[in-house]
Structures are given as C-alpha cells and as structure tokens.
Amino acid sequence: MIVTTGRKFNSDAEFLAKTTAEKLNLKFIPRENFSTDALKKIYGAENILVAKKNSLRLLTEEGELFFHPNTAHLRIKNLRNGEGDRLITAGKISAGMKILDCTLGLGSDAIVESFVVGELGKVIALEKNPVLAEIVRHGMKNFSADNEKILNAMRRVEIITADYLDFLKSSAENSFDVVYFDPMFRHPIKKSSGINPIRPVADKNPLTLEAVKEACRVAKFRVILKEHAKSGEFNRLGFKLAAGGRYSSISFGVIDLVEENNRRA
C-alpha cells in the first residue's frame with residue numbers, strides 16, 4: 001500500500017498524506033500527473049490511500065473506502081422520533097453506559113451507541129486494521145456536514161487500533177456494561193454495496209468461543225453479536241436470538257449475563 005494525494009490538492013492534503021504515511025509506516029508518493037492505476041503498476045501496490053482535502057480514501061478492488069456517518073444519521077433520527085433501534089434494543093443500551101464495540105468497521109454502530117450513552121457514558125471501539133482505524137478516526141474527528149448532536153456523538157467515540165481478543169484479555173472483569181461484536185459475516189451479503197469496499201481490509205476470521213468467553217467476563221450485563229439472519233454462528237457461540245427485524249437480512253444475538261448468573265444461582 002502507498003499513500004498519495006488527489007490530482008488536485010493543496011498543502012493541507014499533502015500534509016495529511018505525508019503525516020498519515022509516517023503514522024502508518026507506509027510510503028508517501030507524490031501524485032504528479034499519474035493515474036492511480038499507473039501508480040499501482042509503478043510501485044507494485046495493491047491498494048492506494050488517497051488524501052483529499054480533509055478526508056482519507058482507500059482505493060481497493062471492491063471500490064472506494066472512506067468515512068461517512070452512513071446509516072447512523074437515519075438510525076439516530078429514528079431514535080429521536082421514538083422508533084427504536086435493533087442494536088440498542090438488543091443490548092438494552094441506555095444513557096451513562098460504558099460500551100466496548102469490538103469491531104469498529106466504518107463506525108456507524110459506534111456513533112449510534114455513543115449518541116445513546118451520551119456525555120456521561122463511554123464508547124470504546126476497536127479496529128484491528130490500522131489503515132481502516134485511521135480512516136475512521138480521522139473521519140470522525142473532522143466530519144462536519146451533520147447536526148451538532150451527531151457530531152458530538154462521533155467525536156466522543158474513542159478508537160483504539162487493537163485485536164479485540166488481546167484487548168479483552170487485558171481488560172478487567174465487569175469493566176464494560178455491554179460488549180458488541182459485528183464480525184464479517186460467514187456468508188457475505190454481496191448486494192450490500194456500502195460494505196463491499198471494506199472487505200479487502202477487514203478481519204475475516206470468525207469469532208471464537210475464547211473471545212466470547214472473555215467478553216462474558218468483561219461485560220456486566222450483555223454480550224451482543226450481529227450476524228446474518230440465518231447464520232449458524234448464534235448457536236455455535238451460545239447466543240440467543242433477539243426478537244424483531246422480521247424482514248431484515250441481519251439479526252442480533254444476545255448473551256444476557258444477569259439472566260445467566262440468576263440461573264446458576
């Protein structure tokens with residue numbers, strides 16, 4: 001992977017490209033008048049990270065990957081109108097909670113979580129791929145085309161570049177209220193064009209029983225898994241399907257730790 005600017009760039013874009021390349025230990029290449037395809041051939045690069053104005057965009061074979069609040073805007077609008085949100089309902093997430101989002105991705109879920117927990121709560125979002133983490137981190141810090149409440153929600157998300165299993169193992173017992181997993185689906189929904197560009201850089205490893213066990217140790221109340229509606233991962237990993245989403249292609253599984261502890265008692 002190499003880092004460059006758009007063909008039309010200013011000093012800010014060049015500075016962003018150079019500092020990002022240094023931070024990610026990648027090579028900065030002056031754009032000059034080369035096309036991105038030409039740069040790929042010249043430097044043998046599979047992917048190119050491009051700094052444009054105040055955004056970072058990764059060009060992959062699946063498309064252009066960049067940060068945008070995406071569905072978070074609509075979901076927050078629905079919440080404000082009292083229509084609810086399936087993730088928030090499944091996790092029983094409320095104001096003041098501390099959430100560990102183990103799979104940041106493009107950050108839509110983390111923004112919604114942050115909006116709900118508010119200023120008194122906390123959302124820590126983990127992303128294993130440092131390039132993806134930097135794209136979303138920079139995007140959440142600098143995105144401006146939205147209302148103040150959504151901007152504040154995304155600014156409050158703390159993004160950490162880390163493998164979630166390592167992070168869970170190093171976390172204290174009951175240190176979060178809810179732990180959330182949204183791994184790459186075992187059977188991808190290819191028609192989801194908004195997700196396709198993330199596939200080349202996403203962690204494709206399945207969620208393990210060890211990670212779920214650690215999550216149950218770290219969470220006080222619930223562990224949540226998002227997967228394809230007909231996935232066998234819920235049964236394999238011990239999650240109970242949450243109700244709702246009759247016509248949706250995705251579902252949420254829940255491990256209710258309070259319920260589990262009461263049953264054992």
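Mentor: We will go through the sheet, some helices, a hairpin and a pocket.

Trainee: What should I know before reading the numbers?
Mentor: This is a predicted model, where local features need pLDDT of at least 70, side-chain atom pairs count only at pLDDT 80 or more, and totals for chains, interfaces and linings use all residues. Residues are numbered from 1 along each chain as its sequence is written, and side-chain values use heavy atoms, with hydrogens and water left out.

Trainee: Great. In which order do the strands of the open sheet come?
Mentor: The order is E8-E7-E6-E9-E10-E12-E11, seven strands with mixed pairing. Helices (H or I, at least four residues) and strands (E, at least two) are DSSP runs, numbered from the N terminus. Two strands pair if DSSP finds at least two bridges between them.

Trainee: And which strands stand at the edges?
Mentor: Strand E8 (158–161) and strand E11 (240–241) do; each has a single partner strand, so one side of each is left without a neighbour in the sheet.

Trainee: How does E7 pair with E8?
Mentor: Strand E7, residues 122–127, runs parallel to E8, with four bridges between them. Leu 126 sits opposite Ile 160 in E8. Helix H6 (residues 130–142) lies across both E7 and E8, at about 165° to E8. Axes here are lines fitted to C-alpha atoms, for helices over the stretch in contact, and angles run from 0 to 180 degrees between N-to-C directions.

Trainee: Which strands does H9 touch?
Mentor: H9 packs on the sheet against strand E9 (176–181), E10 and strand E12 (250–256), and its direction makes about 145° with that of E10. Contact means heavy atoms within 4.5 Å.

Trainee: Tell me about E10, then. How many of its residues are buried?
Mentor: Seven of the 10 residues of E10 are buried, where buried means under 20% relative accessible area, exposed over 50%, and partly exposed in between (1.4 Å probe, protein chains only). Phe 181 has Leu 225 in E10 as its bridge partner, while Ile 224 stands opposite Val 254 in E12.

Trainee: Switching topic: what joins E4 to E5?
Mentor: A hairpin through two residues. Strand E4 (residues 55–60) and strand E5 (residues 63–66) run antiparallel and are joined by four bridges. Arg 57 is opposite Phe 66 in E5.

Trainee: Is Ala 17 buried or exposed?
Mentor: Ala 17 is buried, with a relative accessible area of 0%. Its place is in helix H1 (residues 11–23). Ala 17 touches Val 3, Thr 4, Thr 5, Phe 28 and Ala 51, leaving out residues up to four places away in sequence. Ala 51 is 34 residues from Ala 17 in sequence, yet their C-alpha atoms are 5.2 Å apart.

Trainee: How about H5?
Mentor: Helix H5 (residues 108–117) is mostly covered, with nine of its 10 residues buried. The buried residues include Asp 109 and Glu 113. Gly 118 follows H5 and has a positive phi, near 70°.

Trainee: Last one: what kinds of residue line the second largest pocket?
Mentor: Five nonpolar, three polar and six charged residues. Ala, Val, Leu, Ile, Met, Phe, Trp, Tyr, Cys and Pro count as nonpolar, Asp, Glu, Lys and Arg as charged, and the others, Gly among them, as polar.
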